Amino acid sequence: MATFKAIVIEKADSGTKAALTDFDEADLMEGDVTVAVDYSCLNYKDGLAVTGKAPVVRRFPMIAGIDFAGTVEKSDNPAWKPGDKVILNGWGCGESHLGAYAEKARVKGDWLVALPQGMSAHDAMAIGTAGYTAMLAVMALERHGLTPEQGPIAVTGAAGGVGSVAVAILAKRGFTVHAITGRAEEADYLKGLGAAEIVGRQELADKPRPLAKERWAGAVDVVGSTTLANLLSMTRYGGAVAACGLAGGMDLPGSVAPFILRGVCLYGIDSVMCPLPKRKEAWKRLAEQLDGQKLAAMTREIGLDEVIGVAPDILAGRVRGRIVVKVR
């Protein structure tokens, strides 16, 4: 069996250690499809895994990386054949199943989605789990019945990966988007993606009131904690918030008042174990509705050998938009 380059996380005396090394194909985990990985990307969860800042990794050794786009090399799954272009997001890759920061991956065919026609592997990972999660959040708000006429939509962590894609999608759908960020210097970038107004994150940093002045018809939140509690208290009657992140913490120091007095709904967005039909819908809509020029504007590319050095930046909020990782 051949070896290939991979970022492998091992246990260490001080926690964990990540290194770019040679990995033996014979040590790949069980799966009915082997994929030559072309591109991956750097998500917040990847940053946690590579730096060891949170217990994301559940087995060792672990190849990091939660998503990839690549080409099927071998398949025992009737749905896939060699040469097929595929995408994978989640399913425990990079956590409990050997992941995407490697030149090869072996996975279950049921985890894969076909690369949409007209979309390159590079662009698929410019979207990545962050953009796919953003689309799932938008889909939740639309299923709730929110329309542009009902008022503005807030997006927290707007200059990050999920936030950038959410701003671009919502703006194209005709919504008035209020981009909430702690980086005032990114105002022009966010307006270029379609944000109508820039809101400083300090406006949602105070202790939440049970009910604050109604401000937004809905929101996409990647922060959690105090920020999410404030969002809920400021959501208009009958509105909804889609929560998909915890950059600010896992707690929710709010009250039930928005739910029982304003009929606000809180939707949890899970991208890891999301059912296949919803995944396919999300990727179809991303291919149709995400402006290619805006995607390019929010994206930069690094090599596999740069991931370990860049990973701390995404945790520190120093990454704007999306980072594509060229694997091969």
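This is a predicted model: local features need pLDDT of at least 70, side-chain atom pairs count only at pLDDT 80 or more; totals for chains, interfaces and linings use all residues.
Val35 has its bridge partner in strand E7, where Ala105 stands across from it. Strand E3, residues 33–41, pairs with E7 in the antiparallel sense. The pairing runs over 4 bridges. E7 is covered on both faces. Lys104 and Arg106 are buried on one side. Ala105 and Val107 are buried on the other.

Trp91 lies in the loop between strand E6 (85–89) and strand E7 (104–107). Trp111 lies in the loop between E7 and strand E8 (113–114). The two residues are 20 apart and link distant parts of the chain. Their rings are stacked, 6.2 Å centre to centre, with 10° between the planes. Trp91 and Trp111 are both buried.

The count of aromatic pairs comes to 3. Another of them joins Phe4 and Phe23. The ring centres are 5.8 Å apart and the planes stand at 45°, so this pair is tilted. Phe4 sits in strand E1 (residues 3–12) and Phe23 in strand E2 (residues 15–24). The separation is 19 residues, and again the pair links distant parts of the chain. Phe4 is buried, as is Phe23.

An open sheet of 6 strands shows parallel pairing. Its order is E11-E10-E9-E12-E13-E14. Strand E11 (197–200) and strand E14 (265–268) form the edges, each pairing on one side only. Neighbouring strands are turned by 20° against each other on average, direction ignored. Strand E13, residues 235–243, pairs with E14 in the parallel sense over 4 bridges. Ala240 is found opposite Cys265 in E14.

Helices lie across strands of this sheet. Helix H5 (residues 225–234) lies across E9, E10, E12, E13 and E14. H5 runs at about 155° to E13.

A further contact joins two helices. Helix H2 (residues 121–144) packs against helix H7 (residues 276–289) at an angle of about 105°. The axes are 9 Å apart. H2 and H7 are therefore roughly perpendicular to each other. By class, their contact has 10 nonpolar, 3 polar and 6 charged residues. H2 contributes residues including Ala124, Ile127, Tyr132 and Arg143. Those from H7 include Lys278, Trp283, Leu286 and Gln289.

Definitions and conventions:
Residues are numbered from 1 along each chain as its sequence is written. Side-chain values use heavy atoms; hydrogens and water are left out. Axes are lines fitted to C-alpha atoms, for helices over the stretch in contact, and angles run from 0 to 180 degrees between N-to-C directions. Angles under 35 degrees count as roughly parallel, over 145 as roughly antiparallel, 65 to 115 as roughly perpendicular and the rest as oblique. Contact means heavy atoms within 4.5 Å. Ala, Val, Leu, Ile, Met, Phe, Trp, Tyr, Cys and Pro count as nonpolar, Asp, Glu, Lys and Arg as charged, and the others, Gly among them, as polar. Rings of Phe, Tyr and Trp (its six-membered ring) pair if their centres lie within 6.5 Å; planes under 30 degrees apart count as stacked, over 60 as edge-to-face and the rest as tilted. Buried means under 20% relative accessible area, exposed over 50%, partly exposed in between (1.4 Å probe, protein chains only). Two strands pair if DSSP finds at least two bridges between them.
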